[in-house]
Amino acid sequence: MQTLIPNPSSLIPKIGIMGGTFDPIHLGHLATAESVREIFQLNEILFIPAARPPHKVERFVTPELHRLMMTFLATKSNEKFRVSPMEILREGLSYTLETVNELHKKFGESTELFFIIGADSLRDLPTWYQAKELVQQCHFIATTRPNVKVGFSELRKFFGKLFKEKIHTVTTPDIEISSTEIRRRVKEGLSIKYLVPEVVEEYIKKERLYL
Ligand code: ATP
Ligand code: MG
């Protein structure tokens, strides 16, 4: 009789983290998260809208509650997607390292965390708060973004051997959508159909966002 011995590594929970301003959340975020979940066999993806993004102080960011609501609406039809308001509830600037430490406390130290990061944000990773410590605590899955080139040799120099161990690159479907483009289209009275989920489109209309 054949006995099935579970592979111990498959028993360790793997959680993906999709951080972002989500102003608004769009199909680029959702399709990328789903594709990474499948490729890396993650148990779930946690969408975490940022509170006061340290990198975006130069422009008006839509109030947190709206961004959180849109993230809930956009993800509710996928049972592997969850939303956490943890950064929004936290006092002060939100740093990813704090989020990762909090998640390890909540899910257990052995849970593997995979932060999904677009090529545009990966370029800036060395400037993030305590970047090396962060990469020690959590894997990074770098996804491609149309027209964005990443200087891998600089990243390799900065992170040393951590680069190979903790930063993984993956080719995801190129979806040329950005929140900036959506905000611009709404302002100009153009359609955002098929760029955001229908529930998000309705919410933007109802709450008169981005006008
Ligand atoms: P903005 O235009 O306001 O900067 P954005 O579309 O880049 O918004 P963010 O909330 O800044 O969205 O992005 C959160 C994360 O999602 C980042 O890691 C970013 O690289 C990634 N991301 C955003 N849009 C896409 C996309 N179309 N395809 C793949 N990844 C994306
Ligand atoms: Mg961006």
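This is a predicted model: local features need pLDDT of at least 70, side-chain atom pairs count only at pLDDT 80 or more; totals for chains, interfaces and linings use all residues.

Me: How many helices and strands does the protein have?

Reply: Both kinds of secondary structure are present in the protein. The count is 11 helices and six strands.

Me: Why does the protein count as compact as a globular protein of its length?

Reply: The globule rule gives 17 Å for 211 residues. The radius of gyration of the protein is close to that, so the protein is as compact as a globular protein of that length. Its C-alpha atoms fill a box of roughly 60 × 50 × 35 Å along the principal axes. The radius of gyration itself is 18 Å.

Me: What percentage of the contacts between residues at least 6 apart join residues at least 24 apart?

Reply: Contact here means heavy atoms within 4.5 Å. Take the contacts between residues at least 6 apart in sequence. The share that joins residues at least 24 apart is 78%.

Me: What share of the accessible surface belongs to carbon and sulfur atoms?

Reply: The accessible surface of the protein is about 12000 Å². Of the 211 residues, 47% count as buried. Carbon and sulfur atoms hold a share of the accessible surface of 54%.

Me: Which residues does Thr96 contact, leaving aside neighbours within four places in sequence?

Reply: Thr96 lies in helix H5, residues 96-107. Thr96 counts as buried, at 15% relative accessibility. With the sequence neighbours within four places left out, its contacts are Glu87, Phe115, Trp128 and Leu134.

Me: Which helix gives the most to the lining of the second largest pocket?

Reply: The second largest pocket holds about 190 Å³ of space. Its lining includes Glu201, Ile204 and Lys205. One helix, residues 198-206, gives the most to this lining, with three residues. That is helix H11.

Me: How many charged residues are in the lining of the second largest pocket?

Reply: Among the lining residues are Lys193, Glu201, Lys205 and Arg208. Leu190, Ile192 and Leu209 also belong to the lining. By class, six lining residues are nonpolar and two are polar. The charged residues number four.

How values were computed
Residues are numbered from 1 along each chain as its sequence is written. Chains are lettered from A and ligands numbered from 1 in the order in which they are written. Side-chain values use heavy atoms; hydrogens and water are left out. On a 1 Å grid over the protein atoms alone, a cavity is a set of points where a 1.4 Å probe fits but cannot get out, and a pocket is an open set with protein on both sides within 12 Å along at least five of seven lines; lining residues have an atom within 4 Å of a point. Grid points are joined across faces, edges and corners, and a volume is the space filled by probe spheres set on the points. Helices (H or I, at least four residues) and strands (E, at least two) are DSSP runs, numbered from the N terminus. Ala, Val, Leu, Ile, Met, Phe, Trp, Tyr, Cys and Pro count as nonpolar, Asp, Glu, Lys and Arg as charged, and the others, Gly among them, as polar. The radius of gyration is taken over C-alpha atoms; the globule rule is 2.2 Å times the number of residues to the power 0.38. Buried means under 20% relative accessible area, exposed over 50%, partly exposed in between (1.4 Å probe, protein chains only). Accessible areas come from the Shrake-Rupley method with a 1.4 Å probe; for residues, only the protein chains shown count as cover.
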